[in-house]
Amino acid sequence: MMASAGKKNLKILFFSQRFPYPMDTGGKIRTGKLLEQLKDVFDITLVSNMESPKDDEYLEQVKKLCVEFHPVPWKETKKYTFRFYLKLLRSVFSRYPFTVINDYSRDLEAALLHLTSSEHFDLLICDFLQPSLNFRRLTGTPTLLFEHNIESVIPRRHFETSRNPLAKLFWWLQWRRMERYERDTCRKFTGTVTVSETDKTYLEELAGKGKVFAIPTGVDTSFFAPREEPVKKNSLVFTGSMDWLPNEDAIKFFAREILGEIKRVIPTVQLTVVGRNPSQSLIKDLEAYPEITVTGRVEDVRPFISSHALYIIPLRIGGGTRIKAYEAMAMGKAVVSTAVGVEGLPLKDGEHVVLAEGAESFAQAIVKLLHQDEFREALALRGMDFVRRNFSWGTASELFVDACRKVAARA
């Protein structure tokens with residue numbers, strides 16, 4: 001995609017708190033694939049945290065995303081460590097949500113201030129809501145917030161599903177703080193981009209009409225394509241970053257409430273969970289369920305998707321849209337999901353996917369699809385055709401480019 005004739009080649013500072021490689025989470029994939037397209041249209045300066053030596057091997061690949069890259073050295077605080085819990089405890093007394101405090105860095109803020117004071121930019125983009133606190137002192141240039149999720153929805157759903165009274169109190173506080181922070185931040189930014197029309201409508205009520213733009217979720221259909229591999233009978237697969245709490249909740253929910261219902265009808269059912277950094281808590285819980293295999297991080301999820309009969313998304317918590325659904329569908333896999341699992345995606349129940357709420361209904365949908373090969377294959381073909389015809393990254397990037405130009409014009 002090339003810049004349109006006669007249109008200004010904007011100079012853009014794109015701030016992504018997380019280093020974009022490896023592209024092993026939905027957020028990183030969306031950010032990386034859009035930047036690959038935007039680089040052909042705009043002059044992109046990318047600012048990101050970088051952890052050495054872990055990220056060093058990917059440094060050369062960053063050239064595909066930007067003209068200039070400004071790394072800011074950092075070391076990630078691992079979840080469930082003493083330092084992590086200390087930060088969590090301190091956050092209880094803050095007016096900001098924990099994830100916002102966690103993504104703030106004096107070094108990042110200083111780097112952004114230095115760049116914006118020493119160079120002229122037409123537009124400043126913040127990737128995700130959580131690190132937007134690093135933008136609080138940037139003035140004089142239009143700003144665009146890229147909201148991959150409605151972030152306040154996630155702690156609200158944690159609150160609604162939590163059983164532990166202390167956890168419930170914690171998530172209630174996080175929900176209310178994030179709700180307030182999201183509203184105030186969207187109003188401060190010149191514009192906001194969402195990943196679905198549903199999210200756009202929600203944020204327009206907070207930030208005002210004319211300030212919010214929607215782009216579709218995309219998928220790399222040349223990479224996620226059908227493969228000729230033997231399919232294991234009665235096999236299910238789930239892919240996703242297992243250090244994201246909604247994914248962990250989904251698998252625990254499946255193990256505790258859905259798996260037993262399926263086994264009554266299909267005793268040989270197996271689930272493979274593919275994704276980076278599963279917690280020790282999850283691994284320990286799943287020891288009681290030998291039917292579930294957890295792989296951890298893999299270099300390529302495609303062999304796992306293609307070799308299983310059915311793709312499942314038992315999510316109860318989340319916001320934004322799930323790239324994983326389109327990846328599986330583009331590979332010709334039938335999908336069973338909760339409504340939350342495909343929220344914001346224009347998919348029809350029974351035509352593109354099968355939607356099921358509650359443990360019993362979800363189990364029944366899986367049993368039906370595993371038993372009825374023709375129904376499963378027809379569903380997979382319709383879903384694959386729909387995704388491959390409508391959801392390329394090129395389409396998403398064109399709409400993102402349009403949003404950038406409109407927001408930059410408000411200088």
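This is a predicted model: local features need pLDDT of at least 70, side-chain atom pairs count only at pLDDT 80 or more; totals for chains, interfaces and linings use all residues.

Overall the chain has a mean pLDDT of 93, with 97% of its residues at 70 or more. Residues 1–6 are another story: pLDDT is below 50 there, although the stretch does have 11 contacts in the model beyond near neighbours in sequence.

Back to α12, which covers residues 359–371. Which of its residues are buried? The list is Ala359, Phe362, Ala363, Ala365, Ile366, Val367, Leu369 and Leu370.

Look for a bend of about 45° at alanine 255.

Now for the strands. Six of them make an open sheet in the order β10-β9-β8-β11-β12-β13, and the pairing is parallel. At the edges sit β10 (292–296) and β13 (354–355), each pairing on one side only. Further in, β8 (residues 232–239) and β11 (residues 308–313) run parallel and are joined by three bridges. If you want a pair to find on screen, leucine 236 has leucine 310 in β11 as its bridge partner. Two helices pack on this sheet. Helix α11 (residues 323–330) touches β8, β11 and β12 (335–337), and its direction makes about 160° with that of β11. Our friend α12 touches β8, β11, β12 and β13, and its direction also makes about 160° with that of β11.

There's another sheet to visit. Seven strands form it, in the order β3-β2-β1-β4-β5-β6-β7, and it too is open with parallel pairing. Its edge strands are β3 (68–73) and β7, which each pair on one side only. On average, neighbouring strands here are turned by 20° against each other, direction ignored.

Zoom in on β6 (residues 191–194). Are its faces covered or open? Both are covered: Gly191 and Val193 on one side, and Thr192 and Thr194 on the other, are all buried. Strand β5 (residues 143–146) runs parallel to β6, joined by three bridges, and leucine 144 stands opposite glycine 191. Strand β7 (residues 212–214) pairs with β6 in the parallel sense, again over three bridges. There, valine 193 has phenylalanine 213 as its bridge partner, while threonine 194 has alanine 214. Helix α7 (residues 197–207) lies across β6 and β7, running at about 180° to β7.

Last stop: threonine 185, in helix α6 (residues 165–188). Is threonine 185 buried or exposed? Its relative accessibility is 6%, so it counts as buried. Apart from neighbours within four places in sequence, threonine 185 is in contact with Leu129, Ser132 and Leu145.

Note on methods
Residues are numbered from 1 along each chain as its sequence is written. Side-chain values use heavy atoms; hydrogens and water are left out. Helices (H or I, at least four residues) and strands (E, at least two) are DSSP runs, numbered from the N terminus. Buried means under 20% relative accessible area, exposed over 50%, partly exposed in between (1.4 Å probe, protein chains only). Contact means heavy atoms within 4.5 Å. The bend at a residue is the angle between axes fitted to the seven residues ending there and the seven starting there. pLDDT is the predictor's confidence in each residue, from 0 to 100. Two strands pair if DSSP finds at least two bridges between them. Axes are lines fitted to C-alpha atoms, for helices over the stretch in contact, and angles run from 0 to 180 degrees between N-to-C directions.
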